[in-house]
Amino acid sequence: MASPANHHDTAYQQSSGKLVLLLVFFCLTILVCLSAAVFYDYQKKTISEAAQVNLTMLTNLKARQVGHWRHERIIHARLLTANRDLLNSIASFSTQRTPDRANHIIQSLTPALSDSEDHAIVLTDALGKPILSVGDNINLETHIDPKPLIMALERHQVMFSKLFHVHGNTTGYHHGHSHADVHTTHVHMNLIAPLYRDGNPTQEVVGALVFIVNPEQFLVPLMTSWPVPSPSAESILVRKVDDSILRLTPSRHMVSPEMLVSAKPPKGYESPGSRILAEKEGVFLGYDYRQVPVLASVKKVDDSPWYLVAKIDKNEVMAPLFRIAAIEAVTATLILATAGLMMLLWWRRQQALYQAGYYQQQLQHQMLSQRFDNLTRFANDLVLLVDAEGQIIDANERALDTYGYPEGELKTFKLKDLCDLSQQECDLFWEQLKAEQGVRFETMQFRHDGSTFPVEINARWIELDRGHLIQAIIRDISERKAAEDQLIHQAYHDPLTGLPNRLLINDRLKLAIAKARRHKTQAVLLLLDLDRFKNINDTLGHAVGDRILTTLALRMQEALRDTDTVARFSGDEFLVLLEDIRELSDVVSLAQKLSELVSQPVIIDGEEMCLTTSIGISVAPEDSIEVDQLIRFADTAMYRAKEKGRNNFQFYTPDMNAHAGRRLQLENNLRKALQRQEMVVYYQPQVEMDSGRIVGSEALLRWMHPEHGLISPSDFIPLAEETGVIEEIGAWALEQACQQTVAWQKNHPELKIAVNLSARQFRNENLVDDIEQILNKTGLAARHLEMELTESLLMEDVDVAIDLMNRLTKLGITLAIDDFGTGYSSLSHLNRFPIDKLKIDRSFVNSMSLDNCGIARTIITLGRTLDLSIIAEGVETDEQRQLLLQLGCPQAQGYYFSRPIHDNAFSEMLKKPTILPNS
């Protein structure tokens with residue numbers, strides 16, 4: 001034996017264990033990564049949602065504060081412009097610009113400066129030209145934006161200007177006095193309030209008050225403040241101007257105040273500017289003017305064209321998430337490293353256990369192998385040693401040779417891998433094996449080349465050392481199976497032709513009928529009977545007949561479809577089953593084709609054999625749905641085909657049953673006709689042509705049926721031939737004729753009697769002995785008995801016929817060829833036959849005339865040449881008698897002289913010297 005049987009199993013277990021560990025570690029890695037990803041996604045979503053909520057709340061709060069501040073400033077300006085005392089002072093100052101009136105205006109406006117964040121108020125005329133300022137010294141050209149000033153005067157609206165960053169030297173006009181230049185840098189904003197005549201907004205604008213607002217007191221601190229320290233968060237007030245955005249408050253990320261200018265938002269991505277141009281509010285992720293990803297919120301300040309934008313860099317928002325991700329990565333790495341280390345330690349321990357088990361099994365298998373070698377190594381059967389899991393652990397030499405596997409490769413298989421069994425069958429086998437000590441079953445097994453062979457497996461548990469194993473003894477049963485298959489084939493097939501036999505065709509016919517009924521089609525049965533095939537067997541022998549049957553069977557098989565069946569039903573009968581037929585015209589075509597195939601010559605040993613067939617056809621389900629009835633109906637139709645002259649086909653019709661029933665009744669009655677004394681012998685006189693004297697008679701058999709009356713020989717003689725009754729009836733008729741002739745010879749000593757021999761009688765080996773006994777019994781001299789034979793009967797087997805005729809002539813019997821000229825004998829054969837008389841057939845006599853009597857003349861000449869007697873049959877007129885006399889025919893019989901008559905009538909006729917009608 002080779003290496004231990006479980007070496008492959010141990011290696012396989014180790015490999016499987018390693019694979020399982022890797023799979024578990026892989027699954028754990030996937031699980032940890034998925035958990036981290038889910039937690040990361042959850043944290044990302046939570047942080048993002050919290051940042052959006054906080055940013056929305058902050059934006060809403062600041063927008064409300066800005067709106068409130070703006071509203072307060074507008075109300076304050078409107079109240080001041082509605083002061084009639086101030087309006088009157090301004091009107092007087094407009095007409096007379098005296099210091100007193102200017103002081104009065106300054107006194108009215110100064111309280112407004114002390115209570116607000118305005119650091120100057122400028123009075124302008126109706127055209128927007130400054131005429132007076134109150135508060136800080138300012139440079140009117142740099143501190144007043146003329147564009148919104150003119151717009152406010154034209155629209156009669158209180159309006160804010162943009163923010164200004166003013167730096168450098170400024171001069172002002174205060175209380176009508178000029179002051180020294182002051183170097184300042186600050187942010188301011190104009191609030192422009194139009195002045196109306198009489199304080200009515202519907203009246204003429206007489207000027208405006210321009211409040212120089214200091215936004216750094218409230219607005220800018222509000223924008224630059226943030227709830228928590230943030231390196232990137234900011235809020236800005238902006239305004240949409242056409243397709244640009246105007247920043248109203250400075251940005252923390254701008255490097256210089258000049259950045260407070262109008263700008264177009266960048267294209268290609270979403271930004272606060274693009275949202276404002278689209279007049280959209282809300283929180284979104286986009287990019288700011290730095291093209292940095294931000295989380296931004298846009299909110300429109302109520303009742304103003306201003307938008308408040310609050311934003312914070314996305315990286316700052318997600319900074320906590322990055323820290324969480326880092327913590328997750330470290331945690332997952334620690335978990336996987338710990339799990340991997342534990343699995344590695346476990347694997348090493350298992351590997352050590354596997355190794356120890358392997359060496360223990362190796363020792364055990366060595367002992368097992370030695371014992372197994374002694375018992376099974378050279379056994380003739382295949383022997384496998386299998387463990388409890390079905391794994392092959394050893395095999396004998398016969399198994400290795402049969403399966404074609406090397407020993408090492410064979411041990412990689414389980415027993416079920418070699419068997420052609422389903423999983424369910426394998427499970428049942430193991431259950432039976434566990435429940436019993438042994439189990440036996442048959443299956444197919446696979447060789448290395450993929451081929452299969454049948455086996456019988458005997459499996460049982462055996463105890464070897466410390467192991468409980470299965471010993472499978474496997475026997476190749478190919479020869480037994482082949483013998484069984486051959487027996488089954490022989491049971492359902494004809495041994496000669498190999499065609500299905502009667503049993504198989506019955507089963508297929510049953511299935512075909514069911515299929516035809518289910519699919520609304522037809523199943524057609526054709527019964528073919530070879531015409532006169534028995535003559536071939538009797539004359540040429542059964543060996544020739546078998547070769548003919550084999551040839552015809554092959555022809556029919558080749559002519560049919562794959563779905564059709566041809567079977568040998570009996571000796572010379574075949575059944576053809578056609579399935580799925582929709583048109584009976586197809587059946588007619590096939591029947592004609594089969595007839596032509598059969599009629600084609602069959603060459604046996606260089607000789608051509610020609611046959612014909614009669615075919616009967618029945619159809620299911622029209623005729624019947626019973627198998628036996630369909631076969632019987634086809635048989636009935638086949639007999640009708642034979643009655644119609646053979647070599648044709650007939651479909652079954654219901655009236656055939658009546659005909660077949662009558663035929664069966666006749667057959668049954670025919671068998672009892674002799675016992676019931678229903679058979680009668682009639683006699684037709686044979687006369688000399690010139691004198692009319694009776695020289696003999698022909699015995700003709702008649703059947704006097706009690707119901708149907710006198711039945712013609714043409715109706716019952718063929719039936720008697722087929723049933724074999726003809727031998728008994730023929731012997732009786734011969735005896736009656738001989739006995740009657742002996743009685744007539746008392747007054748007419750030279751009277752002869754002629755009796756016909758049927759084909760069946762002629763083939764009877766005891767014919768000569770039977771005739772001799774009858775002659776001895778009746779006392780008739782053999783020379784007064786004439787036996788009539790047909791040409792076709794003699795030509796079936798010339799040598800046999802000559803031998804039998806010689807035996808008859810030795811008795812002294814006269815032989816005559818009946819219906820001469822209608823057969824197919826040759827002159828050479830005719831010269832060999834020991835015959836005494838030729839009978840001219842009635843067909844030649846009936847067709848004779850003065851100009852057409854060549855055949856009759858030839859036969860008469862031939863008879864004279866061969867020194868044979870001549871007699872003509874079927875003479876019915878005196879003209880025919882005269883022609884025959886002129887041709888030299890000496891004797892005749894026919895209706896002209898007398899019909900066949902009863903023996904008593906014939907006795908009366910013998911009393912006359914002549915029976916010529918004219919005498």
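This note goes through a predicted model point by point, from its surface to its aromatic rings and one of its helices.

1. Residues are numbered from 1 along each chain as its sequence is written. Because the model is predicted, local features need pLDDT of at least 70 and side-chain atom pairs count only at pLDDT 80 or more, while totals for chains, interfaces and linings use all residues, and side-chain values use heavy atoms, with hydrogens and water left out.

2. Isoleucine 30 belongs to helix H1 (residues 7-81); helices (H or I, at least four residues) and strands (E, at least two) are DSSP runs, numbered from the N terminus. With a relative accessible area of 38%, isoleucine 30 is partly exposed, a term that lies between buried (under 20%) and exposed (over 50%).

3. There are eleven aromatic pairs in the structure, where rings of Phe, Tyr and Trp (its six-membered ring) pair if their centres lie within 6.5 Å, and planes under 30 degrees apart count as stacked, over 60 as edge-to-face and the rest as tilted. The rings of tyrosine 403 and phenylalanine 453 form a tilted pair, because their planes stand at 50°, with the centres 6.2 Å apart. Since tyrosine 403 lies in helix H10 (residues 397-403) and phenylalanine 453 in strand S17 (residues 452-464), this pair ties together parts that are 50 residues apart in sequence. Both tyrosine 403 and phenylalanine 453 are buried.

4. The rings of phenylalanine 649 and phenylalanine 651 have centres 6.5 Å apart and planes at 80°, so this pair is edge-to-face. Phenylalanine 649 is partly exposed at 21% relative accessibility, and phenylalanine 651 is partly exposed at 24%.

5. Helix H19 (residues 627-643) has 17 residues and reaches 25 Å from its first C-alpha to its last, close to the 24 Å expected at 1.5 Å a residue, where the expected span is 1.5 Å times one less than the number of residues. The buried residues of H19 include Val627, Phe633 and Lys642. Just after H19, glycine 645 takes a positive phi of about 105°.

Technical notes: Buried < 20%, exposed > 50% of the residue type's maximum accessible area, 1.4 Å probe, protein only.
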